[in-house]
There are 2 protein chains.
Amino acid sequence: MKGFTFSAVKAGVRYKDRLDVGLICSDTPCVTAGVFTTSQVKAAPVVIDQGRLANGTAQAILVNSGCANACTGDEGVEAALACSRLVAEQMKVDEENVLLSSTGVIGEQLNVRAFEDSIKELVSSLSADNFELVARAIMTTDTFPKVAAKTITIDGRPVEIRGMAKGAGMIMPNMATMLAFVFTDADISSAQLQQALSAANERTFNRITVDGDTSTNDMVVVMANGTARNRVIDGTGDEADCNAFSAGLEAVLKDLALQIVSDGEGATKTITISVRGANSDEDAEKLGRTVATSSLVKTAFFGEDANWGRILAAMGRAGVVFPPEKVDLSFGDVQLVKNGLGLGREAEEKATAVLKEKCFTIGIDLQDGDGGAELYTCDFSLDYVKINADYRS
Amino acid sequence: MKGFTFSAVKAGVRYKDRLDVGLICSDTPCVTAGVFTTSQVKAAPVVIDQGRLANGTAQAILVNSGCANACTGDEGVEAALACSRLVAEQMKVDEENVLLSSTGVIGEQLNVRAFEDSIKELVSSLSADNFELVARAIMTTDTFPKVAAKTITIDGRPVEIRGMAKGAGMIMPNMATMLAFVFTDADISSAQLQQALSAANERTFNRITVDGDTSTNDMVVVMANGTARNRVIDGTGDEADCNAFSAGLEAVLKDLALQIVSDGEGATKTITISVRGANSDEDAEKLGRTVATSSLVKTAFFGEDANWGRILAAMGRAGVVFPPEKVDLSFGDVQLVKNGLGLGREAEEKATAVLKEKCFTIGIDLQDGDGGAELYTCDFSLDYVKINADYRS
């Protein structure tokens with residue numbers, strides 16, 4: 001995509017000999033929107049970026065893995081500011097237009113020296129071709145880099161939307177997500193971009209969970225540089241353009257969100273929890289989220305056990321009033337529960353075959369209203385415990 | 001204790017050759033209080049018992065493991081009623097005074113034949129000595145029977161309180177708990193007994209979690225037969241007696257609750273999360289519960305990793321507003337975090353030694369108010385996943 005360049009280096013922030021610092025740069029200041037963690041415990045880069053995005057403009061993003069720069073107090077903020085100063089000086093851009101992003105261990109101070117030593121190499125190696133290198137540099141327990149792209153048409157002109165994300169553990173974004181960076185050449189107003197991002201985020205990153213834990217460092221940032229030279233999308237009588245852009249952005253975010261779930265720590269399966277027939281979308285979301293985060297449901301998926309009683313039990317504690325005697329449940333195309341009652345051994349055997357697949361949908365119909373929601377989760381495996389009992393050591 | 005008898009048999013409800021049905025009987029109708037699951041999905045015995053306890057009286061409890069009789073519709077209710085009819089006829093007691101309780105797999109119909117075949121043996125073997133046999137008959141994935149007792153003094157007379165409980169998985173009681181049955185010879189009014197039970201339950205069973213899942217079958221029942229012949233506890237100018245009884249009951253429930261946590265599926269450690277300095281007790285409870293249920297915190301405990309960043313991260317998403325920069329954290333006697341910042345490598349090494357113990361306390365001080373709460377949890381081990389991926393098969 002015209003106007004954006006990327007680079008990544010092995011800076012040694014925490015580990016030696018792995019890509020761990022990435023730089024993303026736009027030739028010109030971009031219209032930029034962001035959503036951030038709603039955690040009360042916010043990392044230093046999150047606090048800084050929220051301030052800097054108040055004017056809806058950014059030109060560069062410096063991102064590192066290995067250290068979250070969270071729970072690091074004033075020293076952490078100073079360290080982050082030192083890093084953004086390095087970028088501003090080296091790139092000759094306004095420091096207020098440099099965003100910072102970190103992921104990794106919480107509670108350790110950022111190794112600023114690693115950034116000082118590598119800033120020249122970072123800047124000199126910026127190239128339009130290094131997109132995936134940055135996607136690799138931000139990985140922690142991820143097993144593959146996560147990228148997605150989509151081209152839409154606005155007013156007969158092609159507009160590109162391209163994104164990257166990282167995340168495998170501490171995943172239950174709520175109003176935000178793990179790190180994701182999205183770039184577009186669309187010409188779009190700041191207000192429209194923020195609105196499209198917030199809406200798409202709500203239906204994508206905010207609907208996934210690996211382990212029910214929300215990170216201190218979650219952020220999604222979208223930068224639009226306008227080089228597509230489309231008719232500007234600004235919400236004044238251009239509903240079709242707004243919708244086309246929003247749908248394109250949502251497709252890219254959903255692609256990235258599902259990649260995070262499929263790469264969930266220890267995950268062997270990706271599961272969509274599809275709830276309908278609830279009294280409201282909000283009720284459907286609560287019910288789906290409770291099922292999607294239940295350790296007992298997720299270990300049953302890992303064990304390929306069509307133990308639907310655990311799904312009903314999870315729904316029962318979701319804090320939503322519903323009539324259990326009307327619930328229908330299906331695994332893939334196989335109906336397993338009708339009006340709250342199991343359909344017997346044969347249906348369970350067919351449902352067990354569905355559970356042996358890598359991706360499947362659990363359908364929940366409450367037959368009680370028009371509310372619906374889709375949540376995305378993974379199974380809970382022995383490897384999840386191994387990864388998280390060993391991490392850091 | 002005078003007036004209560006117990007029996008248990010191998011009825012073959014689901015498995016052969018293990019104690020799976022228990023009968024508890026009082027010589028006379030008892031003042032009886034109960035608290036039950038708040039799940040929207042309630043098992044048949046829960047629904048029946050809630051109706052039968054409206055008058056605060058019961059005389060017998062029939063309990064089985066192997067089958068929860070939950071999600072079983074009208075057929076499940078009929079099956080439960082058939083069982084209570086058997087008890088009423090064989091024992092010559094009012095059927096309305098027979099309580100039912102089930103635990104085991106959800107979604108399968110109750111095997112009434114097993115009860116028909118064993119009711120005579122159950123009744124004929126009733127004895128004051130078989131208390132622990134019933135505690136064994138209600139075990140599912142429990143590895144040991146859970147019993148507790150305490151003698152208090154009311155008006156110079158000894159009053160006994162004795163209880164049993166089961167539970168190892170699907171444990172996050174909320175307004176209720178897994179199965180627990182408590183007996184006392186206290187002479188006490190129905191209103192006072194219910195009040196003492198509800199208050200004690202709130203600070204004991206409602207503060208434990210193994211895996212964050214709430215059961216469809218949770219119940220705690222307390223039966224008081226009055227044979228201690230103490231001055232009746234009825235809330236009319238006998239505050240000291242009420243307090244003595246409540247404290248005794250709470251001690252028994254807390255003992256049983258902690259036994260459930262220590263026997264949590266796969267658990268290797270029992271951890272108290274002690275929160276103070278919160279704006280309110282409710283805030284403290286929310287923060288403590290979020291830490292106590294976090295998969296990342298619990299796997300770090302299993303890995304004996306003093307990864308305090310995960311505790312701060314869990315607190316951050318608890319839905320409570322608090323200043324992270326004031327948080328103090330300690331593992332046992334070792335302070336690890338002061339005013340939101342880690343105290344360094346040496347403190348972490350000392351904290352790691354605490355984590356190697358079987359029981360320890362995580363102290364969280366928000367330094368922001370007078371609110372406090374204690375939650376009780378266990379670690380999250382490889383065996384938890386193994387047990388729950390294999391259960392049923």
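Is S125(B) buried, partly exposed or exposed? I looked this one up before anything else. At 28% relative accessibility, S125(B) counts as partly exposed (buried is under 20% relative accessible area, exposed over 50%, partly exposed in between, with a 1.4 Å probe and protein chains only).

**Ground rules.** I'm working on a predicted model, where local features need pLDDT of at least 70, side-chain atom pairs count only at pLDDT 80 or more, and totals for chains, interfaces and linings use all residues.

**More on S125(B).** I found S125(B) in the loop between α3 (112-124) and α4 (131-137) of chain B. Helices here are DSSP runs (H or I, at least four residues), as are strands (E, at least two), numbered from the N terminus. Leaving aside residues up to four places away in sequence, S125(B) touches F6(B), S7(B) and N130(B) (contact means heavy atoms within 4.5 Å). I also checked I152(B), which is 27 residues from S125(B) along the chain; their C-alpha atoms are separated by 30 Å.

**S118(A).** S118(A) counts as buried because its relative accessibility is 5%. Not counting residues up to four places away in sequence, S118(A) touches V9(A) and A11(A).

**Helix pair α1 and α2, chain A.** Two packed helices are described by the angle between their axes and the distance between the axes. I took helix α1 (residues 44-52) of chain A and helix α2 (residues 73-91) of chain A: their axes come within 9 Å and cross at roughly 60°. That makes α1(A) oblique to α2(A). For the cut-offs, angles under 35 degrees count as roughly parallel, over 145 as roughly antiparallel, 65 to 115 as roughly perpendicular and the rest as oblique. Axes are lines fitted to C-alpha atoms, for helices over the stretch in contact, with angles running from 0 to 180 degrees between N-to-C directions. On the α1(A) side I listed A44(A), I48(A) and R52(A), which meet G76(A), V77(A), A80(A), L81(A) and S84(A) in α2(A). By class, the residues of this contact divide into five nonpolar, two polar and one charged (Ala, Val, Leu, Ile, Met, Phe, Trp, Tyr, Cys and Pro count as nonpolar, Asp, Glu, Lys and Arg as charged, and the others, Gly among them, as polar).

I laid chain A on chain B: the RMSD is 0.0 Å, by a turn of 180° and a shift of 0.0 Å along the axis. The two copies are thus related as by a two-fold rotation axis. Superposition is by least squares on the C-alpha atoms of residues with pLDDT of at least 70 in both. Of the residues of chain A, L382(A) comes closest to the rotation axis, at 2.8 Å (C-alpha). The same surface serves both copies, as 98% of the contact residues of chain A recur in chain B.

Definitions and conventions: Residues numbered from 1 in each chain as written. Chains lettered and ligands numbered in written order. Heavy atoms only, no water.
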